[in-house]
Amino acid sequence: MSVQAAFAATLVDEWVLGGVTDAVVCPGSRSTPLALALASRSELTLHVKLDERSAAFFSIGLALSTGRPPVICTTSGTAAAELHPGVVEAHQAGVPLIVCTADRPPELHGVGASQTIDQVGLFTTSTRWAFVPGVPDLDQQASWRPLAVRALAEARNGPRGPGPVHLNLAFRDPLTGAPDALPPRRARQHVESVATVPTLMAPLTGPGLIIAGAGAARDSENVLLLAERLGWPVMADPRSGCRRPGTVAAADALARCDLPLAGTIVVLGAPWLSKALAGYVSTAADRGARVIALDPFWQFTDPTRVVTEFCHADPDDWLGAAFEAARPTDSTWRKQWQALESAAQAAIEDVLGEHGQLSEPMVARALARHAAAVDAAIMVSASMPVRDLEWYAPVLPQPPAVFFNRGTNGIDGVVSTAMGIAATGRRTFALMGDLAFLHDVSGLVNLADLPCTLVVLDNGGGGIFSFLPQADALASAEFELLFGTPPTSDVGQVARGFGLPVHDVATAAEFEGALKEAAPSLVRVRVPGRTENVALHESINQAVRRALT
């Protein structure tokens with residue numbers, strides 16, 4: 001009988017009772033007690049991943065899709081360190097994870113034992129909570145269940161919101177053995193999130209607007225109801241779930257024009273990536289606008305330093321309170337913005353139609369429509385794909401769920417995160433560039449039969465850099481070497497090497513047909529080069545400006 005096995009089984013038992021449904025295990029010896037405990041529970045879906053970095057992003061996908069923290073189990077040494085990029089992403093994006101790294105016992109530290117590093121504080125400040133319980137001891141068994149309860153609570157609803165927790169678990173040889181009897185459960189411990197009663201410093205009045213980003217509200221209907229009552233427009237990021245008829249989707253293009261300034265701006269969720277929209281808000285603030293940011297986890301998100309009021313409250317509670325306090329308002333201001341949106345969307349359609357061939361904005365627009373039609377999710381990569389979706393995805397009666405890694409990692413982990421989302425059974429499309437695909441090919445190792453289609457934009461390298469000053473400041477050869485980095489690996493051949501069917505498309509009809517093919521698969525989209533793409537974006541912005549004059 002094994003005390004270590006009993007300790008691990010107790011943690012897992014408490015997590016299963018607390019609603020955990022998935023475990024991601026990376027093979028290794030030192031983590032054997034926990035790996036066996038996780039594998040023994042039929043209530044858990046077990047995902048075995050060879051690459052710990054990929055496993056961390058796969059776990060993020062699971063958590064994004066289900067809203068529940070998966071357990072990640074690794075062995076000791078650099079296997080634990082490989083989780084760091086995903087842990088940082090989860091920390092910044094508010095994604096709940098229970099990260100368990102096995103460790104050598106104290107007597108093997110500082111003596112040159114293999115696969116032994118200092119893992120205490122390994123993830124520095126990128127966790128909601130971290131704990132080192134020491135080598136399991138029967139005298140401490142009363143603490144095992146409370147440890148599991150706290151880890152789950154800190155991951156799901158700690159004071160700074162959801163995020164990763166880290167348990168560094170030291171195990172001694174022998175690592176196998178049946179568990180002793182588990183300690184009994186006392187009265188169930190419940191840990192609820194702390195809510196602040198929503199308050200308004202002053203009523204919402206006058207011409208205003210709502211900017212809805214990722215995580216704007218649990219129920220997007222609350223955002224739309226308040227906006228309609230106030231007679232305000234909603235600028236709706238695709239990640240917010242609010243991009244429905246009546247909202248403003250072309251906010252980036254419109255913000256580049258001479259627009260009427262709002263007197264009050266309510267910011268919900270994560271900021272948009274659009275610098276033009278940020279500039280519009282800054283200009284309004286400079287003219288005395290009231291800028292209110294909902295800040296449920298006391299993070300003071302305000303990169304442009306324009307917020308005049310931070311509201312520490314649950315967004316849905318605040319929206320409900322604001323709705324009750326608001327008086328119905330004339331809709332003239334709202335209709336003015338809806339007319340601007342209609343003109344902008346018509347101009348965007350005209351430009352994309354004139355080009356006749358697939359382009360990055362057109363792919364984002366078409367993918368959003370297709371995903372909505374088949375009730376699928378979209379995982380979108382950092383850099384240009386997420387911007388194309390933010391700027392060009394249309395309003396839809398039932399918009400698709402859109403997931404996006406916050407970008408602390410650049411383009412890392414996109415394939416793995418998409419596979420994690422699809423592993424929950426959700427039909428998933430992942431939109432990324434060629435470099436993002438190649439950066440995370442380890443996510444395709446031992447690929448399961450998952451309902452995931454990778455849409456890879458083959459544009460010859462790092463498209464985002466062509467929009468930045470480096471493209472003009474450097475000689476072409478130097479720019480290509482350091483920033484453009486055109487891939488020498490063939491995307492299609494790489495995908496086929498992992499057993500993934502590849503569909504090469506160059507027209508809208510071919511693209512639509514490829515999206516209907518069975519998954520998993522890869523759709524390689526031949527799009528114009530990076531220079532042509534910059535020109536296309538400028539053509540769109542010019543067309544919108546002309547449409548508004």
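In the predicted model, the buried residues of helix H5 (residues 84-93) are Gly-86, Val-87, Glu-89, Ala-90 and His-91; buried denotes under 20% relative accessible area, exposed over 50%, and partly exposed in between, with a 1.4 Å probe and protein chains only. Helices (H or I, at least four residues) and strands (E, at least two) are DSSP runs, numbered from the N terminus. Among the elements that cover the buried residues of H5 are helix H3 (52-66), strand E4 (97-103) and strand E6 (164-170), where contact means heavy atoms within 4.5 Å. H5 is followed by Gly-94, which has a positive phi, near 70°.

Residues are numbered from 1 along each chain as its sequence is written. Because the model is predicted, local features need pLDDT of at least 70 and side-chain atom pairs count only at pLDDT 80 or more, whereas totals for chains, interfaces and linings use all residues; side-chain values use heavy atoms, with hydrogens and water left out.

A search of the whole structure finds 26 salt bridges, a salt bridge being a side-chain nitrogen of Lys or Arg within 4 Å of a carboxyl oxygen of Asp or Glu. One of these joins Asp-314 and Arg-218, with the closest N and O atoms 2.5 Å apart. Asp-314 lies in the loop between strand E11 (309-311) and helix H10 (315-325), and Arg-218 in the loop between strand E7 (208-212) and helix H7 (220-230), so the pair ties together parts that are 96 residues apart in sequence. Asp-314 counts as buried, at 18% relative accessibility, whereas Arg-218 is exposed, with a relative accessible area of 63%.

A salt bridge is also formed by Arg-530 and Glu-480, whose closest N and O atoms are 2.8 Å apart. This pair links distant parts of the chain, with Arg-530 in helix H20 (residues 530-548) and Glu-480 in helix H17 (residues 476-484), 50 residues apart. Arg-530 counts as buried at 11% relative accessibility, while Glu-480 is partly exposed, with a relative accessible area of 26%.

In the salt bridge between Arg-256 and Asp-252, the closest N and O atoms are 3.1 Å apart. Arg-256 has a relative accessible area of 37% and is partly exposed; Asp-252 is buried, with a relative accessible area of 1%.

Salt bridges also form a network, in which Asp-13, Glu-14, Arg-41, Glu-43, Arg-145 and Arg-185 are linked.
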